[in-house]
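Subject: Structure handover

Hello,

Here is the structure I promised to pass on. My notes follow below it.

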Amino acid sequence: MKKSKWILGAAALLAASIIMAGCGGGGDKKPAADAKKGPSGDLMIYTSIYPDIIDSMCKPSLAKAMPDLKITWFQGGTEKVMTKIAGEINAKKIGADVLMVADPSYYLKLEEQKLLLPYKAKDDAAVILDKAPDGAWYSVRVCNMIIAYNSEKLKPEEAPQTWQDLCDPKWKGKLGMPNPMLSGTAYVAVGALADKYGWEYFDKLKENGMHVEEGNSAIQDKLLRSEYMAAMILEENILKLAATKNEPLKVSYPKDGVIMIPSPIAIFNTGKNPDGSKALVDWWLSNEGQEAVVKGWMHSVRGDVPAPKGAIPTKDIVANAFKIDWKKLADNNAEIKEQFRKRVME
């Protein structure tokens, strides 16, 4: 892609990064202490990060790092946030200063519309996954679409080992996945799987009784109740349940490739607090900010921050990740969703 530096080659960069890492005047001028005080004012973030992660991790960490910056959050699924922004673009009144949603392809559309503010972050060189050359957006957290199963019902070797295993008749009627009409990560997964295996793959899933759920909670609950034997879901949901509630849900990393989604952060050029927004981007991409990302059960975009508890190393995921055509996802959103709807949901 001309405008962006995508996943191709990220495995080598990640490995190299891991190896190298150890991991005033007088007059009317403000005193030096004031200059170091940090960002202030009001700032609005639109995000698809889960509400419990915002409350438990984002808000406390940012309040400590930037106490004078008053941050307001609008939270919703990626599709809900995109719908809100579309209305605001039409009204020529975008309410967000900073955007953090899951679907990387959406940022390409915003970049084409010249709505993003280029900014080279302080830790630009440390970000070894996707980023715009001019800093218009940076990957800030890595979400991975995987296969989950209940370890009380299946041994690891009995669980589906590949995406194509979900078409095996032994799972008929016992499969679930999130709705790509509502979830940005599910949309990416659908587009990636259709590219790799053709739309016939989804015909097979429909024939095998794939259920489409509005949210991850329903999928998790049905896995726990054995209504589902396997499910397509985000890795972070399963890692969090296993670590915080000791639930028996486990991750199967598909041998034909994890669907890796390096979700970006960007600043709108219409924002009212550009200085605060730049400081926010700098914090999220710093070691401190990326460690907070990992505490939210997502992977870091830096090579010197370890994977979340219970996950395989990030470099192993990168090495075997799907090669995703982000431009195609950006340009064919409606068509991809309609194909899925007709083939799976009708």
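What percentage of the 346 residues in the protein chain do buried residues make up? They make up 53%. Buried here means under 20% relative accessible area, exposed means over 50%, and partly exposed is in between (1.4 Å probe, protein chains only).

Some ground rules. This is a predicted model, in which local features need pLDDT of at least 70 and side-chain atom pairs count only at pLDDT 80 or more, while totals for chains, interfaces and linings use all residues. Residues are numbered from 1 along each chain as its sequence is written, and side-chain values use heavy atoms, with hydrogens and water left out.

Overall

The protein chain has 14 helices and 9 strands. These are DSSP runs numbered from the N terminus: helices are H or I with at least four residues, strands are E with at least two. The accessible surface is about 15400 Å². Carbon and sulfur atoms account for 52% of that surface. Areas come from the Shrake-Rupley method with a 1.4 Å probe; for residues, only the protein chains shown count as cover.

Core

The largest nonpolar core holds 110 residues. Leu99, Trp163, Phe202, Ile259, Phe268 and Trp284 touch the most other members. Strand E4 (residues 137–150) gives the largest share of this core, 10 residues. A nonpolar core is a set of buried Ala, Val, Leu, Ile, Met, Phe, Trp, Tyr and Cys residues joined through side-chain atoms within 4.5 Å. Contact means heavy atoms within 4.5 Å.

Strand E5

Strand E5 (residues 175–178) is covered on both faces. Leu175 and Met177 are buried on one side, Gly176 and Pro178 on the other. E5 runs parallel to strand E6 (residues 210–213), with 4 bridges joining them. There, Met177 stands opposite Val212. E5 also runs parallel to strand E7 (residues 230–234), through 2 bridges. Gly176 has Ala231 as its bridge partner in E7. Two strands pair if DSSP finds at least two bridges between them.

Helix H4

Helix H4 (residues 78–90) has 13 residues. From first C-alpha to last it reaches 18 Å, close to the 18 Å expected. The expected span is 1.5 Å times one less than the number of residues. Thr78, Glu79, Val81, Met82, Ile85 and Glu88 are buried in H4. Among the elements they pack against are strand E1 (41–47), helix H6 (184–197) and helix H14 (333–345). Lys92 follows H4 and has a positive phi, near 55 degrees.

Is Glu338 buried or partly exposed? Glu338 counts as partly exposed because its relative accessibility is 33%. Glu338 sits in helix H14. Its side chain joins that of Arg341 in a polar contact of 2.6 Å. A polar contact is a pair of N or O atoms within 3.5 Å; within protein, one must be able to donate a hydrogen and the other to accept it, and residues adjacent in sequence count only if both atoms are side-chain atoms.

Asp304 lies in the loop between H11 and helix H12 (314–319). Asp304 counts as buried because its relative accessibility is 18%. A polar contact of 2.9 Å joins the side chains of Asp304 and Arg302.

Best wishes
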